[in-house]
Amino acid sequence: MSRATIDACSLTLRCRLCECASWQALLEHRRAIDPVDLRAAFAAEPGRAARCTTDGAGWTLDWSKQLMQPGTMPLLLDLARERQVPERFAAMLAGTRLNWTEGRSVLHTALRAPPTATIEVDGRNVVPDVHQTLGRMAHFSRALRSGAWLGATGKRIRHVINIGIGGSDLGPAMAYQALQPWRTRELDCRFVSNVDGNDLWMALDGLDPEQTLFIVCSKTFTTQETMENAGSARAWLVSRLGEAAVGRHFVAVSTNAAKVRAFGIDPDHMFGFWDWVGGRYSMDSAIGLSTMVAVGPERFGELLAGFHAMDEHARTSPLESNLPVLLSMIGVWNASVLGLPALAVLPYEQLLARFPAYLQQLIMESNGKRVDDHGDVVSWPTCPVVFGEAGTNGQHAFYQMLHQGTTIVPIDFIAFRTAAHPLGRHRLLLNANAIAQAQAFAFGRTGDEVRAEGTPEALVPHRTFPGNRPSSFLWAETLTPATLGALIALYEHSTFVQGIVWGINSFDQWGVELGKSLALNVIKGLEGLLTSTDHDASTAALIRALAAEAT
């Protein structure tokens, strides 16, 4: 690819982050305000919470408990402007090949665009293709949900197993749990991703093959883990129902019609997507077929509408009130300016228990890069380590370290005012814990406060909380398909904006490939097809030790 092409795609190559005047101003500002004391900040500015609260697409963000002073966010937004965030976002929406290392457009926003929209790639409007696929998905989902689609022996399908990995698994599995209140009771969905045979064995345990359908998700139909699981699932089915049954019990989400046909699936039962859809941005494409089957086309449409609402908010809102931009620049401040190495995502909503795992891939696979668009090693921290757990479970696991440990970890709290399943005082207690934890992280408890409670002096240091643990608080009225879609899009766009600021490509994932390619030779070693001299000493020893298990 020529330098001119790279410049046209990246838009920011001419200026590295460390060369930006706004970046230098931000570093100077940090030195001037360090340290920020949140107790003092709230005391000095009674309107701080109101100033630092923003709404959009059904969500409210309160970032008043971040380690910032009133002048911090304006400087961060100056940096966003200098890094051409609005221009880059517009370029993405226009189909520019922002994923320049792979020569691809980045158009997951087209997956949820209304049918009247026009979004072009190489002069072709892709929106009609998207809605044609959605229509085929809806037709299949209704047939399965109504019982019109029957298995090979004439029995109704009762169990759907999604076989995929990474973006072909994490999004659908997360959404299936999150949207539990809207799932049909006529079907249950299970998800298989790990090449560990126990994963497939547990999914198949107790199932009737006559009532089981598999959705195999692999764009190329060559993904090693997915196809190994699909092959074993096929063997399980064939051993009980015969070869002829494959076509009624398997469908594919793929673009490789030849391999799909060779597997025994009619290409008419293949649902495709496009090379401008990255795996971790694909849950609202045909990869979401299991989600649509579970909740129905209408609810899936509401999910897409939520995505689109946040897309429009991100596209049209000024930076000062743009939720994805604000969330992203908070992350830039914490990771790159303050040097805080992690991010805890804490949803106080059991239905979102899988959401932190989903964000791990979205954020860390996108922005876990050490080389910028120039090909130079960056001199600033980029992606934080993302982890999390649903509240209140996490409080009894790792919150101790967050409160009193030596590593300061920024936090994103996620909460809802009302519950999808109201039950007594449960939501009140859940939200009380979320609010109290954010308060405790911010303001802690001083030694004098502990002493005033009558605590013996020897215990005062152990019961003192330093506070000044930064957090943001995201909340919506209730978890619905629409608010879930908007929440996912919020983090998608926040991740992209951070990549723009850091000068990295958020849409490739070359780091995933090395281990996969090395595994091919290790497989040969475990099968005895390569000698130990073909590996380093440690790898060869491990192959000898584990070869018996492999066979």
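1. Angles between axes under 35 degrees count as roughly parallel, those over 145 as roughly antiparallel, those from 65 to 115 as roughly perpendicular, and the rest as oblique. Axes here are lines fitted to C-alpha atoms, for helices over the stretch in contact, and the angles run from 0 to 180 degrees between N-to-C directions. The model is a predicted one, in which local features need pLDDT of at least 70 and side-chain atom pairs count only at pLDDT 80 or more, while totals for chains, interfaces and linings use all residues. Residues are numbered from 1 along each chain as its sequence is written, and side-chain values use heavy atoms, with hydrogens and water left out.

2. The axes of helix α8 (residues 170-178) and helix α16 (residues 355-367) come within 9 Å and cross at roughly 155°, and the two helices are therefore roughly antiparallel to each other. Helices (H or I, at least four residues) and strands (E, at least two) are DSSP runs, numbered from the N terminus. The contact (heavy atoms within 4.5 Å) is made by Leu170, Gly171 and Met174 of α8 and by Phe355, Ala357, Tyr358 and Gln361 of α16. These residues divide into 5 nonpolar, 2 polar and no charged, where Ala, Val, Leu, Ile, Met, Phe, Trp, Tyr, Cys and Pro count as nonpolar, Asp, Glu, Lys and Arg as charged, and the others, Gly among them, as polar.

3. A nonpolar core is a set of buried Ala, Val, Leu, Ile, Met, Phe, Trp, Tyr and Cys residues joined through side-chain atoms within 4.5 Å, and buried means under 20% relative accessible area, exposed over 50%, partly exposed in between (1.4 Å probe, protein chains only). In the largest such core, which has 123 residues, Trp59, Met329, Phe355, Ile414, Leu484 and Tyr491 touch the most other members. Helix α20 (residues 481-502) gives the most to this core, with 12 residues. Another core, of 23 residues, lies apart from it and includes Leu207, Val216, Phe221 and Ala233.

4. Leaving aside neighbours within four places in sequence, Leu484 is in contact with Met174, Ala175, Ala178, Leu179, Leu303, Leu352 and Leu479. Ser494 is found in helix α20 and is buried, with a relative accessible area of 5%.

5. Asp284 lies in the loop between β9 (270-271) and α13 (289-295), and Asp284 is buried, with a relative accessible area of 1%. Although Asp284 and Phe300 are 16 residues apart in sequence, their C-alpha atoms are 8.5 Å apart in space. With neighbours within four places in sequence left aside, the contacts of Asp284 are His108, Leu111, Arg112, Phe300, Leu304 and Phe307.
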